[in-house]
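Please walk me through this structure, chain by chain and contact by contact.

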Amino acid sequence: MKLTRDSFDNKVDLDMTPMIDIVFQLITFFMVVINFEAGEIDERVKLAQSELARPPKVKPDNELVLQMGFQRDKEGQVISESLLFYNSQAIPLEEFRPLLKRETAFYRLSNPTGPIRTTVVIRADAESPAGQVQELIRLCQEEKYEKFSLRAMQPEAQ
Amino acid sequence: MRLVHADTSSHKIPIDMTPMIDAVFQLIIFFMLTLKIRTDEGNFDINMPIGAPAQAASQLLVPDIKVRLIANRAGGLSRLELGRRSLGNGDKAYATLNESILGIVGKGNSLNKEVEVEIDADYELHYQEVIKAITACTGRINPATKQPERFVEKIKFAPPRKPAGG
């Protein structure tokens with residue numbers, strides 16, 4: 001066969017369709033599974049396990065997520081006292097009251113008197129002292145919170 | 001000017017795909033980096049206003065249930081008590097607690113919603129043990145349906161017991 005100059009000059013047309021198909025499928029997958037609420041979940045908190053723990057069927061309108069746990073080293077060993085992880089800060093429970101008051105003031109804008117309808121979601125580490133969790137609940141009760149939700153994890157999930 | 005129409009209809013218009021592919025890959029990278037494999041979390045809902053008057057025992061046909069959790073030095077469960085009855089420790093104690101409470105409230109009893117369980121735990125006890133106790137008090141997994149069934153809705157905590165040294 002005789003090769004002409006034109007046969008070298010021709011551009012090779014790549015069919016991009018299959019790649020674009022796959023790439024859009026990937027994007028769709030990630031968009032479906034992405035969970036922006038996971039941002040409120042602190043990885044340092046190792047939740048207690050319960051076989052009865054099921055995601056709520058109806059999500060409350062307003063919720064205040066409070067997370068109690070420990071600072072841990074790379075091996076996962078506890079290296080601190082029990083702390084509250086709140087707004088990227090790790091603070092002892094004793095210092096939480098002013099922050100809670102500030103949070104409460106926000107909810108009070110829509111409901112100046114009476115109990116606060118916001119649900120307090122407590123994500124406490126399995127190794128947290130029960131007394132600390134109870135004190136956290138009492139602190140919230142003093143600010144007129146009434147609804148609490150204790151978070152636990154299904155055993156097979158870990 | 002003379003226009004040539006003959007060949008223009010057969011010419012393909014090349015579309016530059018590069019910007020679109022750039023943007024699409026950026027999107028994929030964003031989603032990959034922000035993706036967190038979410039573990040299923042569940043809730044135990046508690047309605048607990050401060051200073052709510054306890055319902056008089058005489059008004060209730062089913063008595064309130066008190067569960068006491070006593071911690072050992074390491075924060076584990078040393079002893080579990082239902083009322084004044086010791087149930088021991090470990091998973092067997094929780095299983096006994098579950099059966100005992102089911103026996104008290106009765107399966108399918110409409111009064112179950114009125115029954116309140118009070119959890120009284122030592123200060124240093126690991127929270128995991130409290131959750132185990134709440135699990136044992138509030139329900140069980142139905143062996144037939146494999147779905148949870150709740151037989152107690154109301155849970156409350158006794159005031160926290162300060163540690164002896166604190």
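In this predicted model, Arg72(A) and Asp125(A) form a salt bridge, with their closest N and O atoms 2.7 Å apart. A salt bridge here is a side-chain nitrogen of Lys or Arg within 4 Å of a carboxyl oxygen of Asp or Glu. The pair connects distant parts of the chain: Arg72(A) sits in the loop between strand S1 (63–69) and S2 of chain A, Asp125(A) in the loop between strand S4 (116–124) and H4 of chain A, and the two are 53 residues apart. Helices (H or I, at least four residues) and strands (E, at least two) are DSSP runs, numbered from the N terminus. Both Arg72(A) and Asp125(A) are buried. Buried means under 20% relative accessible area, exposed over 50%, and partly exposed in between, with a 1.4 Å probe and protein chains only.

Some conventions apply throughout. Residues are numbered from 1 along each chain as its sequence is written, and chains are lettered from A and ligands numbered from 1 in the order in which they are written. Because the model is predicted, local features need pLDDT of at least 70 and side-chain atom pairs count only at pLDDT 80 or more, while totals for chains, interfaces and linings use all residues; side-chain values use heavy atoms, with hydrogens and water left out.

The structure holds ten salt bridges over all chains. One of them, in chain B, joins Arg68(B) to Asp122(B), with the closest N and O atoms 2.9 Å apart. Arg68(B) lies in strand S2 of chain B and Asp122(B) in the loop between S5 and H3 of chain B, so the pair ties together parts that are 54 residues apart in sequence. Arg68(B) and Asp122(B) are both buried. Another salt bridge is formed by Glu116(B) and Lys156(B), whose closest N and O atoms are 3.6 Å apart. Glu116(B) belongs to strand S5 of chain B and Lys156(B) to strand S8 of chain B, 40 residues apart. These two residues are also buried.

Val67(B) has Leu82(B) as its bridge partner in S3(B). Contact means heavy atoms within 4.5 Å.

Chain B as a whole has three helices and eight strands, in the sequence pattern α-β-β-β-β-α-β-α-β-β-β. Of its 166 residues, 39% count as buried. Chain A has four helices and five strands, and its elements run α-α-β-β-β-α-β-α-β from the N terminus on. Of the 158 residues in chain A, 45% are buried.

Most residues other than glycine have a negative phi. Ser88(A), which is not a glycine, has a positive phi of about 65°. Ser88(A) is placed in the loop between strand S2 (83–86) and strand S3 (89–91) of chain A, and is exposed, with a relative accessible area of 80%. Lys144(A), also not a glycine, has a positive phi of about 75°. Lys144(A) is found in the loop between helix H4 (130–142) and strand S5 (145–153) of chain A and counts as partly exposed at 44% relative accessibility.

Finally, the two chains meet. In this interface, 53 residues of chain A are in contact with 49 residues of chain B. The area buried between chain A and chain B is about 4700 Å², of which carbon and sulfur atoms give 64%. Buried area is the accessible area (1.4 Å probe) that two parts lose on being put together, summed over both. Leu52(A), Gln134(A) and Leu150(A) supply 16% of the area that chain A buries against chain B, more than any other three residues. Between chain A and chain B the count of salt bridges is zero.

Terms used
Pairing = 2+ DSSP bridges.
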